[in-house]
Every structure is written in structure tokens, then in C-alpha cells.
Amino acid sequence: MEARATLKYARISPRKMKIVLDLIRGKDAGVAMAILKNTHKSASEYLVKLLGSAVANATNNFEMDETKLYVAECFVCPGPTLKRIMPRAKGSADRILKRTSHVTIVVKERD
């Protein structure tokens, strides 16, 4: 049995999110939460909330034991990219790509 939580359209690039997700993959839920709270990356703010939601889904919807939960899988997919223009010299322009992310965290119970 597994419980999952999904965050869509997060305004952070998938590349930055993946760095923090690699830290918590396979860890116990309590340890993963402690790692996220002590990581000084902007992605960790999103992931603290998302991991809390996944744990809450597991305990409330599937009656899993919170102490036995671990992060079974976590991945990020790119969302839609917001395209913006920045003026440059001689009437030209540069394109700025503001990337978004869709993040999924799956927690399971250890046997």
C-alpha cells in the first residue's frame, strides 16, 4: 500500500528541485523531514509541506503507522514554462524562461 502527494505548478525549476529530492529518496519519513528542515535550499520549503501532506494522507486515508513510513519514490517533472522578454541593446530582446515543476512524493510502510 502506498500514499502519495502531488504539488503542481511550483515556481521553481525542476533542476533545483531534483537536488533536494535526491537527499530524501529512500529515507524514513521522520529523517527526511529533519533533512528538509535543515537544508538551506528554496526547494525544501515546498517539500516540507508536500512530505507532510503525503504522511497525513497515509495515516488518515490508509491507516498506516506513521513511524514505519519511508519515502519510496519522489520525482519531479517539468511543468509549463512562462516565457518573458527582457529588452536588450539596439532594439533586440532576450527571452527569459521561468520554469515550473510538478513534484510527486510516494510514501510506503516498511515491513
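Which exposed residues does the face of α1 turned away from its buried side carry? Let us start with that helix and then visit a few other places. This is a predicted model, in which local features need pLDDT of at least 70 and side-chain atom pairs count only at pLDDT 80 or more, while totals for chains, interfaces and linings use all residues. Residues are numbered from 1 along each chain as its sequence is written, and side-chain values use heavy atoms, with hydrogens and water left out.

View 1. Helix α1 spans residues 14-24, and its buried residues are Pro14, Met17, Val20, Leu21 and Ile24. These residues cover an arc of only 130° around the axis, which puts them on the same side of α1; the arc is that of the directions from the helix axis to the C-beta atoms. An α-helix has 3.6 residues a turn, so residues three or four places apart point the same way. The opening question is answered by Arg15 and Lys16, the exposed residues on the face turned away from the buried side. Here buried means under 20% relative accessible area, exposed over 50%, and partly exposed in between (1.4 Å probe, protein chains only). Helices (H or I, at least four residues) and strands (E, at least two) are DSSP runs, numbered from the N terminus. After the helix comes Gly26, with a positive phi near 85°.

**View 2. What covers α1, and the core around it.** The cover over the buried residues of α1 includes strands β1 (2-10), β2 (69-78) and β5 (101-109), together with helices α2 (29-37) and α3 (42-61). The largest nonpolar core has 27 residues, and Met17, Leu21, Leu47, Leu51 and Ile105 touch the most other members. At least two residues of this core come from each of β1, α1, α2, α3, β2 and β5, and α3 gives the most, with 7 residues. A nonpolar core is a set of buried Ala, Val, Leu, Ile, Met, Phe, Trp, Tyr and Cys residues joined through side-chain atoms within 4.5 Å.

**View 3. The neighbours of Leu47.** Leaving aside residues up to four places away in sequence, Leu47 touches Met17, Val20, Leu21, Leu36, Val103 and Ile105. Contact means heavy atoms within 4.5 Å.

View 4. Strands β3 (residues 82-87) and β4 (residues 93-98) run antiparallel and are joined by 6 bridges; two strands pair if DSSP finds at least two bridges between them. Leu82 stands opposite Lys98 in β4. The hairpin has 5 residues between its strands, and Lys90 in the turn has a positive phi of about 60°. Asp94 and Arg88 meet through their side chains in a salt bridge (3.0 Å, N to O).

**View 5. Salt bridges across the chain.** The whole structure holds 6 salt bridges, each a side-chain nitrogen of Lys or Arg within 4 Å of a carboxyl oxygen of Asp or Glu. Glu2 pairs with Lys108, with the closest N and O atoms 4.0 Å apart. Glu2 lies in strand β1 and Lys108 in strand β5, so this pair ties together parts that are 106 residues apart in sequence. A network of salt bridges links Glu2, Arg4 and Lys108. Asp28 forms a salt bridge with Arg110, their closest N and O atoms being 3.1 Å apart. This pair links the loop between α1 and α2, where Asp28 sits, to the segment after β5, which holds Arg110, 82 residues apart. Asp28 counts as partly exposed at 33% relative accessibility, and Arg110 counts as partly exposed at 39%.
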